[in-house]
Amino acid sequence: MEELIANYLQHMELGEIQEHKSMSVFPLYNKGDNGLYITLKEALEADLLTITEVDNYGSVPELKVINQATVPVLLLDGEELAGAKQNRVLNTTILLKEKSETIIPVSCTEQGRWSYNSLKFTESGNLASLMVRRHKSASVNQSLKKSGSFRSDQRMVWDGIDEISLKSGVKSRTRAMQDVYQSLEEDLREYHLSFPGTGWAERNPGDG
């Protein structure tokens, strides 16, 4: 795998800087073979990935993932999954083995709900804010040192979400991180449209 990743990186090229307001982005392009892995979004859209609660009762810090693809699937630290008994966010970056079933470590991003609104999870399209990821990662690192597990301090994650909700002036019935992002959709849309290749057009075909 290390050799595959090294070969993949050799084909990466740095694109021209793109800027909008206070944000600057350097796009990375892969000019080689794109077959090393696929993303969470790609796998879900192709119906190659199934993400559910670990069982009917559910377990807040864990989810079950079945990868039916013939290539690995990359899950990124901070990506949010929506649905099932409550929305969750990934505690670490994981490269799922092809044709595999894996229990993954997650944190809750919706503390006011514990009931099914769907059997399977979908990609919310959101990445936890820098502050939420920082708090989560700090507690996960402590857990790794103490027990070797990727558990987070759930209270720290909830406190981080409460803080961004307060700053955004958002009151969510289930105190969901997703509701904060939805309230800022117009502002986020402006950034998406300012940086080609972000995927906004694919998710919102009627815009632009």
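**Reading salt bridges and a surface patch**

Author: At 31% relative accessibility, glutamate 190 counts as partly exposed. The model is a predicted one.

Reader: Which residue forms a salt bridge with glutamate 190?

Author: Side chains of opposite charge can pair when their charged atoms come close. Here the partner of glutamate 190 is lysine 21, with 3.2 Å between the closest N and O atoms. The two sit in distant parts of the chain, 169 residues apart: lysine 21 in the loop between strands S2 and S3, glutamate 190 in helix H6. Lysine 21 counts as exposed, because its relative accessibility is 62% and the cut-off for exposed is over 50%.

Reader: How many salt bridges does a search of the whole structure find?

Author: Eight. One of them joins aspartate 77 to lysine 136, the closest N and O atoms being 2.5 Å apart. Aspartate 77 is in the loop between strands S8 and S9 and lysine 136 is in helix H3, so this pair ties together parts 59 residues apart in sequence.

Reader: Is lysine 136 buried or exposed?

Author: Lysine 136 is buried, because its relative accessible area is 0% and buried means under 20%. Aspartate 77, at 23%, is partly exposed.

Reader: What separates lysine 167 and glutamate 163 in helix H4?

Author: About one helical turn, because they are four residues apart in that helix. They form a salt bridge, with the closest N and O atoms 3.6 Å apart. Lysine 167 is exposed at 65%, and glutamate 163 is partly exposed at 34%.

Reader: Which residues make the nonpolar surface patch?

Author: Leu14, Ile17, Phe26 and Leu28 make a patch of about 430 Å². Phenylalanine 26 lies in the loop between strands S3 and S4.

Definitions and conventions: Residues are numbered from 1 along each chain as its sequence is written. This is a predicted model: local features need pLDDT of at least 70, side-chain atom pairs count only at pLDDT 80 or more; totals for chains, interfaces and linings use all residues. Side-chain values use heavy atoms; hydrogens and water are left out. Patches are made of residues with over 30% relative accessible area and no salt bridge: like charges are joined within 9 Å, nonpolar side chains (Val, Leu, Ile, Met, Phe, Trp, Tyr) within 5 Å. Accessible areas come from the Shrake-Rupley method with a 1.4 Å probe; for residues, only the protein chains shown count as cover. A salt bridge is a side-chain nitrogen of Lys or Arg within 4 Å of a carboxyl oxygen of Asp or Glu. Buried means under 20% relative accessible area, exposed over 50%, partly exposed in between (1.4 Å probe, protein chains only).
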